[in-house]
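Work through the exercises below with the sequence and the model in view. Each task is followed by its solution.

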Protein chains: 2
Amino acid sequence: MANHHKQDIESTMQDIVKAMSAKGWRITDQRKSLATLFAEAEGFLSPKDVYDSMRQQYPGVSFDTVYRNLRLLSEMGVLEQIYLNDGLKFRARCGSHHHHHLICLQCEKTVPFEFCPMLHMAGVPADFQVVSHRFEIFGYCPSCESTASSE
Amino acid sequence: MANHHKQDIESTMQDIVKAMSAKGWRITDQRKSLATLFAEAEGFLSPKDVYDSMRQQYPGVSFDTVYRNLRLLSEMGVLEQIYLNDGLKFRARCGSHHHHHLICLQCEKTVPFEFCPMLHMAGVPADFQVVSHRFEIFGYCPSCESTASSE
DNA sequence: CTTACTGCAAAGGGTTTGCAACGTA
DNA sequence: TACGTTGCAAACCCTTTGCAGTAAG
């Protein structure tokens with residue numbers, strides 16, 4: 001949240017809700033809570049993270065509702081998934097232009113950067129039909145760097 | 001196997017066996033079979049793929065033995081893991097120099113290429129301590145291209 | 001002969017599904 | 001009101017673990 005503007009969070013949250021509504025899905029309290037959660041999140045969240053966060057607002061929420069909505073939002077393209085070393089994680093897809101991320105190995109926060117290797121590449125076999133690519137840099141963000149080096 | 005030389009397979013297989021032996025591990029028939037399998041494989045194998053292949057030679061082999069050995073070989077650095085869309089996969093780590101891969105979305109064969117984005121990058125925040133990176137290109141290899149486009 | 005490895009069976013964790021009650025549109 | 005959504009419970013993978021028998025070194 002630290003470097004997010006309050007309006008950005010609100011508008012991201014509204015975007016997610018609108019996207020669900022546009023698909024004809026009902027806007028339940030749990031889904032609003034989920035949208036807010038991902039709008040506020042700076043890094044990746046595991047299903048358990050999501051469950052724990054949502055339980056603070058909706059103590060009765062169940063794991064299967066979390067999974068159902070994570071899957072629906074992923075299929076819709078609102079969320080993106082990634083397997084980090086300790087399992088499947090989710091975050092709100094960056095809606096703007098194409099870019100890649102630095103991912104902190106400790107806090108799993110992400111930092112975007114603009115360099116895309118596909119624009120600079122030479123040497124891809126011409127007969128390979130490229131569909132997509134994945135480029136991530138792992139390491140420690142400024143906040144975690146000191147902690148990590150002292151371990 | 002198509003573009004693998006027979007000697008390469010044999011030597012890769014021997015490398016894996018030697019690596020296990022050097023660590024003091026016993027060379028059982030199942031492990032020899034596993035080493036041969038990964039030496040011959042061109043793409044990624046799931047635990048189930050490995051289990052199915054090994055069962056052809058050793059009908060009595062069990063899933064836990066497969067998992068145990070996959071884990072041991074991964075921890076040793078002989079195998080590398082990746083999460084593709086349909087789960088965890090393994091392949092023999094390329095022992096030579098640093099490079100990246102094209103991965104076929106259909107047959108999951110891999111094609112190495114030399115371009116590494118880290119050597120060409122600008123714009124990484126200076127205060128981010130880089131540990132590792134991941135760069136993969138997904139698409140269709142020449143053999144799968146025609147099949148894929150007709151679907 | 002010693003100790004690691006295996007297979008079996010059972011447990012474990014994460015994720016999905018069937019169903020009746022509920023709440024949104 | 002009607003139908004999508006939820007919580008519960010149970011089922012379902014995939015993966016790991018405990019144990020006694022087996023086999024490599």
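**Exercise 1.** Locate B:Glu136 and state whether B:Glu136 is buried or exposed.

Solution. B:Glu136 lies in strand β5 (residues 129-140) of chain B; helices (H or I, at least four residues) and strands (E, at least two) are DSSP runs, numbered from the N terminus. The relative accessible area of B:Glu136 is 13%, so the residue is buried (buried means under 20%, exposed over 50%, partly exposed in between, with a 1.4 Å probe and protein chains only). Next, list the contacts (heavy atoms within 4.5 Å). Leaving aside neighbours within four places in sequence, B:Glu136 touches A:Ser132, A:His133 and A:Arg134 from chain A, and B:Ile82, B:His101 and B:Ile103 from chain B.

The model is predicted: local features need pLDDT of at least 70, side-chain atom pairs count only at pLDDT 80 or more, and totals for chains, interfaces and linings use all residues. Residues are numbered from 1 along each chain as its sequence is written, chains are lettered from A and ligands numbered from 1 in the order in which they are written, and side-chain values use heavy atoms, without hydrogens and water.

**Exercise 2.** Identify the buried residues of α2(A) and what covers them.

Solution. The buried residues are A:Arg31, A:Ser33, A:Leu34, A:Ala35, A:Leu37, A:Phe38 and A:Ala39. Their cover includes the chain A elements α1 (6-22), α3 (47-57), α4 (63-76), β1 (79-84) and β2 (87-92).

**Exercise 3.** Find which residues come nearest to DNA strand D.

Solution. Sugar and phosphate make up 63% of the atoms of DNA strand D that come within 4 Å of the protein.

Notes:
Near = heavy atom within 4 Å.
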